[in-house]
Amino acid sequence: MKRLITLFFAFTTLFANAQVNNTELPDPKPGPQEAWRQLSKPTLGWGSIDVRYSRSQVPQTTAKSPLLRAWRGERVSAQAVLATPKALQRVSFSVSDLKNGRNVIPASAIRKYFVRYVIADSYRDRNDTCLVADRLDHVGELQVDANTARPIWLDIRVPADAAAGTYKGTLTVNCDGKRLSLPLQLQVAARTLPAPKDWSFHLDLWQNPYAVARYFQVPLWSQQHFDLMRPSMELLAAAGQKVITCSVINRPWNGQTYDPFESMIGKMKHLDGTWSYDYSVFDRWVEFMMSCGITEQIDCYTLVPWHNRFDYYDCASNSVRYITSKAGEQAYYDFIAPFLRDLSKHLRQKGWFDRTYIAMDERPAAQMDAVWRIIQEVDPEFKIEGAANYNIESESADRIDDLSVGVHYNLIKGEALERRKAKGQKITFYTCCTSEWPNTFTFSRPAEATYLCLHALTCGYDGYLRWAYNSWPPQPNQNSRYRSKDWASGDSFLAYPEGSSIRMERLTEGIQDFEKVRLLRPTLTPAQQKQLDEVLDLFTPGKFKTDEDAAGMVRQLNDLLWKFSK
């Protein structure tokens, strides 16, 4: 049967349009060039992590170190910008150890990236293209063209055992043998942030292993494939990801991604009408993700696909056959019920049942209710995960153990929210192509990603869901636009094939702020609680008026959290 399943997945090994390089495309809107004539030599200055700096315009920077503050165990970011009026053949940079007397945060705790540029569009006009700074590239050396800016991103990971105090060091950039340097200063509080695996924030970014195989042109589920996925999935685990995304039927979302999701579980109907199932891919994927540090939840998509079409291998005809049927119909029941029974048995044998959820995405309430009735018959201990883009009825919502509501569609609050919390049910919110801001598009202002996590906190939600962590378009390193003009650029991914993004780093920042508020609250006086609530009120629906607001809101909260951290 395993050979048949291998053939069943064969089409996913066709790797078209893969491109693994670091080439940047021309800037469609280079802007005025007069300011470059005022520069006689390369300059280096500190910028802001709230700004996406233009590659073709002289940046506004400062020589003064940014105000970096962190708890022990926290990650903080800084951005510097190199501007050069002449072409440079070899540009590299380093960061010294950060020292506080005899205490040292070693340079090895600082991850260093050149910020790379990708093509993006605008939310209101997909033909309105621009070049934006987003991809973080750990390459050690670059060529830099004349009259261009090149941002540099630092990810400082403060050791959990670091001594409190002020640490100082130096950022040094080597430009064709000439050195430019900037002072770097970091204040460390005596408080400690737990490890990401212990964060309470429920992060659910859907993974797409099929995109990785296509992009790197390696056989699906080969050892090469798993080796290439590991850095990206460990990056996700370091952000506190809780959920493993599993596709248990083919194309659960009707193939909307550039690389469609295929079934990780093979289904075979025998001559006598009985069924058997091959879990070899499913098991290996789950075990791999757990080895990367993502262990809390397994989401199985889906029993209610968008196309209502199910395939299986039929021994009688020696071919792949298809069933088209909706939940509530007899043909659907005859296909789904045996599968659910066997899945329940397999998950219990593996010891995974308690962490597994039957997941359904934006499906009509009537279909979700019909599936719920089948689940209750087959195994009422199955848990359910669901995303809803409509005002879901209270009874239906109460059946969903992990519910996610669209940021602009629905707001669960008051009695319904308290009832879920009392039952231990999760609730998150999600953004997608329908929300211009706040969001995580490649053209979104960086602080919007941080804002989203604090919005969850203020609304009483457990976390955040995004439909695509790494569903890449054909050439993500160069062009972040999707094939469909219905979706804005960057909607389908947060991480790049070889690393992180400004959006991903700022999202992680917001999750850390969520955790800091959770830990600080029990220690605050009534007056401090009032101060905190007043600032957190900024993150409630309706207070976000323009896409420029997020950075100021985040800075105001960070100032207050630092004050309470001393």
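Analyst: C300 is a buried residue, because its relative accessibility is 1%, below the 20% under which a residue counts as buried. The model in which this residue is examined is a predicted one. The cysteine sulfur closest to that of C300 belongs to C246, and the two are 5.3 Å apart, which is too far for a bond.

A disulfide would require the sulfur atoms to be within 2.5 Å. Across the whole structure, the search finds zero disulfides.

The peptide bond between Y301 and T302 is cis, with omega at about -10°. T302 belongs to the loop that connects β17 (297-301) with β18 (309-314). N308 is placed in the loop between β17 and β18 as well. Although N308 is not a glycine, its phi is positive, at about 55°. N308 counts as buried, because its relative accessibility is 13%.

A cis peptide bond leads from W437 to P438, where omega is near 0°. P438 is found in the loop between β23 (426-431) and α9 (447-459). As for phi, Q217 has a positive value near 55° and is a residue other than glycine. Q217 counts as partly exposed, with a relative accessibility of 49%.

Helix α3 comprises residues 223-238, 16 residues in total, and spans 23 Å from its first C-alpha to its last, close to the expected 22 Å. The helix has a kink of about 35° at R230, shortly before the proline P231. Among the buried residues of α3 are F226, M229, M233 and L236. In an α-helix there are 3.6 residues a turn, so residues three or four places apart point the same way.

Lastly, the open space in the model may be considered. The largest pocket has a volume of about 670 Å³. Its lining consists of 31 residues, and I49, L67, L68, E509 and N558 are those nearest the pocket centre. The lining comprises 11 nonpolar, eight polar and 12 charged residues.

Note on methods: Residues are numbered from 1 along each chain as its sequence is written. This is a predicted model: local features need pLDDT of at least 70, side-chain atom pairs count only at pLDDT 80 or more; totals for chains, interfaces and linings use all residues. Side-chain values use heavy atoms; hydrogens and water are left out. On a 1 Å grid over the protein atoms alone, a cavity is a set of points where a 1.4 Å probe fits but cannot get out, and a pocket is an open set with protein on both sides within 12 Å along at least five of seven lines; lining residues have an atom within 4 Å of a point. Grid points are joined across faces, edges and corners, and a volume is the space filled by probe spheres set on the points. Ala, Val, Leu, Ile, Met, Phe, Trp, Tyr, Cys and Pro count as nonpolar, Asp, Glu, Lys and Arg as charged, and the others, Gly among them, as polar. Buried means under 20% relative accessible area, exposed over 50%, partly exposed in between (1.4 Å probe, protein chains only). Helices (H or I, at least four residues) and strands (E, at least two) are DSSP runs, numbered from the N terminus. The expected span of a helix is 1.5 Å times one less than its number of residues. The bend at a residue is the angle between axes fitted to the seven residues ending there and the seven starting there.
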